[in-house]
Amino acid sequence: MAEVYYVGVDVGTASVRAALVTRAGLLKSTAEEPISIWEPQSDHYVQSSTEIWEKCCTVVMRVTQSVEKSQVRGVGFDATCSLVVLDQSFQPVPVSQDGDKQRNMVMWMDHRAEEQAARITNTGHRVLSRVGGVMSPELQPPKLLWLKENLRESCWNKAAHFFDLPDFLSWKATGSLTRSLCTLVCKWTYCPPDGWDAGFWTSIGLEDLLENNFSKIGSATCSPGSPLGDGLTREAAAELSLEPGTAVGASLIDAHAGGLGVIGADIKGFQLPCEDQPITSRMALICGTSTCHMAISKQPLFVPGVWGPCLSAMVPGMWLNEGGQSATGRLIDHMVKGHAAYTQLQEQARQRCPLSGENIYSYLNTHLSSMAPSGSTVDRLGSSLHVWPDFHGNRSPLADPTLKGSVIGLPLSQTLDDLALLYLATVQALALGTLHILEAMKEAGHDIRILFMCGGLSKNDLFVQIHANATGLPVVLPDQMEAVLIGAAVLGACASQDYSTVQEAMERMAKVGKVVQPDFELQSFYERKYTVFLRLFAHQREYQALMNQR
């Protein structure tokens, strides 16, 4: 019998990727294409849904070219939680003042709606309890309100369909307007089984969305992985070079696909303390441009400053809480590439590997090891340099987009050693930010015993080890490093009905690669570093209060 495959498609912040995945969860082939990001003004980030769909078609064709179309049993999509705007004819509608119709997506990291988010928070409406009590500018209601208030003629009055990007992709593939519970519950305030809260939308000035049973934002919903429509339409099948009718699963937000791709893995045989613990003892960290912290529970748990609880948003029948850091990989790049010694770093990395060029972060990790005194760890080099990492605001657990970053302990010199130390202190700050989120979740009733990590930053050994050391928890890395693509493929496998449940598909297709244990000799060091970390936040609030005095 011929091998069967599933296609996972992942639309990240800056690229579209696809993978051809076997029934056992092994990657047979992958492909990637870059996508455009425009910044028409500060804190406004936009993209094109047309370009993204074209790139989806390109990468799917590339990964499936070596197999028969009939061997592909299902397709799953995940994407960033960006806002796509289309008109009555499903054509793009501009989301910026320049009126460019192709730029019809407000990106997830767009913070133009901070003022609208603050106003929504001030309503104190009951739906806010599902988003940690604070409306983030990264969620969809404030973005919709911004469009109505600022682009009424050119955008709002012409818009007939507002999609989260993952739902846009499944609609393009199947023609089905059914939305995934993942997107609507996590980013739009939808709450099953009651559905939309009409009073909420009316209270914030978006009562026009109630028309035709909320048709502009979604009248029908289903759990992730549910089969949509009749599978691929003829048009989509031709564009993707697959067979019409191929099953398509309801989509996921990209971070949630990463969670699906790691959190259900069988950990037996790895001598972990939580081996016999339920899946609720695990937290998934999906680390890339930003980081999402996913924890699930059997009963709803309300965590201040953390999104959720969201029913069936990742694993059907389970409640999801989602913490996050808005800038992680992006912050590390910002700190490293903005340093005066960055050119020297590039040159040193090139000299180390003249043909391919060594990854600058691999070079920095090695350089830090050489800086550490004999018998000491790299971690202790960060004793006198401290970073507060919220350069793009705090998503969790403080839920304050106005917070800024800070660095304490900078010298006058700007050598390669100084750059390496700043990089180390930034990674440590991000790990302590994860600890901050963990503490808030534990206080609300979560019992997290182990971290599962995936995404680009999980390939950085120092980033992983410092997360283990700072939190005191073991970190599990997946066997297949592209866990987000595995998670997307799980959706296609479920839609094909080759697996009866998402949980079954997760267990069969997600596998443990290695386990990174914490260095408990550093426990006291990180307890002190965490105390400094929290004081950096307290001091920032103090300084704001002083300067706000009249």
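**Entry 1: Gln-88**

I looked up Gln-88 and found that it counts as exposed because its relative accessibility is 63%. I noted the scale: exposed is over 50% relative accessible area, buried is under 20%, and partly exposed is in between, with a 1.4 Å probe and protein chains only. The model is predicted, so I kept its limits in mind: local features need pLDDT of at least 70, side-chain atom pairs count only at pLDDT 80 or more, and totals for chains, interfaces and linings use all residues. Residues are numbered from 1 along each chain as its sequence is written, and side-chain values use heavy atoms, with hydrogens and water left out.

Gln-88 sits in the loop between β7 (83–86) and β8 (105–106). Strands here are DSSP runs of E with at least two residues, helices are runs of H or I with at least four, and both are numbered from the N terminus. Leaving out residues up to four places away in sequence, I found Gln-88 touching Lys-158, Ala-160 and His-161; contact means heavy atoms within 4.5 Å. I also looked at Lys-216, which is 128 residues from Gln-88 along the chain, and the C-alpha atoms of the two are separated by 9.7 Å.

**Entry 2: the sheet**

I traced an open sheet of 5 strands in the order β4-β5-β8-β7-β9, with antiparallel pairing. The edges are β4 (38–41) and β9 (161–164); each has a single partner strand, so one side of each has no neighbour in the sheet. Two strands pair if DSSP finds at least two bridges between them. β7 and β9 pair in the antiparallel sense over 4 bridges, and Val-85 stands opposite Phe-162 in β9.

**Entry 3: the cores**

Which residues have the most contacts inside the largest nonpolar core? They are Val-85, Leu-144, Leu-147, Phe-162, Trp-201, Leu-260 and Met-509, in a core of 90 residues. Helix α16 (residues 483–495) gives the largest share of this core, 9 residues. A second, separate core has 64 residues, including Tyr-342 and Val-475. A nonpolar core is a set of buried Ala, Val, Leu, Ile, Met, Phe, Trp, Tyr and Cys residues joined through side-chain atoms within 4.5 Å.

**Entry 4: Thr-22**

Is Thr-22 buried or exposed? Thr-22 counts as buried because its relative accessibility is 10%. Thr-22 lies in strand β2 (residues 15–22). Beyond four places in sequence, Thr-22 touches Glu-3, Val-4, Tyr-5, Tyr-6 and Met-509.
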